[in-house]
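Please keep the sequence and the structure in view as you read.

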Amino acid sequence: QSEDDSFESELSSFSWYSQEQVKQFQQNTLKRLREKKKQRSKLKKLSSKRMEIAQAKINAGKKVAKVSMEKAQERINQRQIKKEEEREKMTQILNEERENYAKKQKERERAKFEEQQKRARIYLLNYLYKRKYELLYDQQ
């Protein structure tokens, strides 16, 4: 208020302005200042609202990115689990094939050995029969 009074006293020193004109000028100046203050306040509110909206968009984007990353990680984990299961299945099949091959190899070796034993018995029997006939022939 004291500033207004000092301003008023300075303006009153100008004699070519009437008291009414000075008051009108004061009112207009105060009105302009209030409007500028309101405008700055509106701009500040608008700016803060825009910042809030921008921050909300950023946060929403972060949430979407986080969800996307989690889903991608889950897909990666599922693929790794599936690959691991396939590896285990292939390892199991490979082990079964090795076991089957080993069993068949043993069966072939046993069959070969049995065939050798059979031939040896036949050769022995042939030899014994041959000796028997030779002995019988020698006795006669």
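Which residues gather in a patch of positive charge on the surface? Arg32, Lys36, Lys37 and Arg40 do. Lys and Arg count as positive and Asp and Glu as negative, while His and the chain ends are not counted. A charge is placed at NZ of Lys, CZ of Arg, CG of Asp or CD of Glu. Patches are built from residues with over 30% relative accessible area and no salt bridge, with like charges joined within 9 Å and nonpolar side chains (Val, Leu, Ile, Met, Phe, Trp, Tyr) within 5 Å. Arg40 belongs to helix H2, and Arg40 counts as exposed because its relative accessibility is 55%. On this scale, buried means under 20% relative accessible area, exposed means over 50%, and partly exposed lies in between (1.4 Å probe, protein chains only).

A word on the model itself: it is predicted, so local features need pLDDT of at least 70 and side-chain atom pairs count only at pLDDT 80 or more, whereas totals for chains, interfaces and linings use all residues. Residues are numbered from 1 along each chain as its sequence is written, and side-chain values use heavy atoms, with hydrogens and water left out.

**The chain as a whole**

The chain has 2 helices and 0 strands. Both terms refer to DSSP runs numbered from the N terminus: H or I over at least four residues for helices, E over at least two for strands. Of the 140 residues, 2% count as buried. The chain exposes about 14100 Å², and carbon and sulfur atoms supply 54% of that area. Such areas come from the Shrake-Rupley method with a 1.4 Å probe; for residues, only the protein chains shown count as cover.

**Salt bridges**

How many salt bridges does the chain have? The count comes to 3, taking a salt bridge as a side-chain nitrogen of Lys or Arg within 4 Å of a carboxyl oxygen of Asp or Glu.

| Pair | N to O distance |
|---|---|
| Arg87 and Glu84 | 3.0 Å |
| Glu115 and Arg119 | 3.8 Å |
| Glu134 and Arg131 | 3.3 Å |

Arg87 and Glu84 are 3 residues apart in helix H2, which means that about one helical turn separates them. Arg87 is partly exposed at 49% relative accessibility, and Glu84 is partly exposed at 38%.

Glu115 and Arg119 also lie in helix H2, 4 residues apart, or about one turn of the helix. Glu115 has 35% relative accessibility and counts as partly exposed; Arg119, at 45%, is partly exposed too.

Glu134 and Arg131 are 3 residues apart in helix H2, so they too are separated by about one helical turn. Glu134 is partly exposed at 33% relative accessibility, as is Arg131 at 37%.

**A nonpolar patch**

Which residues make the nonpolar surface patch of about 750 Å²? Leu124, Leu125, Tyr127, Leu128, Tyr129, Tyr133 and Leu136 make it. Leu124 sits in helix H2, which spans residues 19-139. With a relative accessibility of 49%, Leu124 counts as partly exposed.
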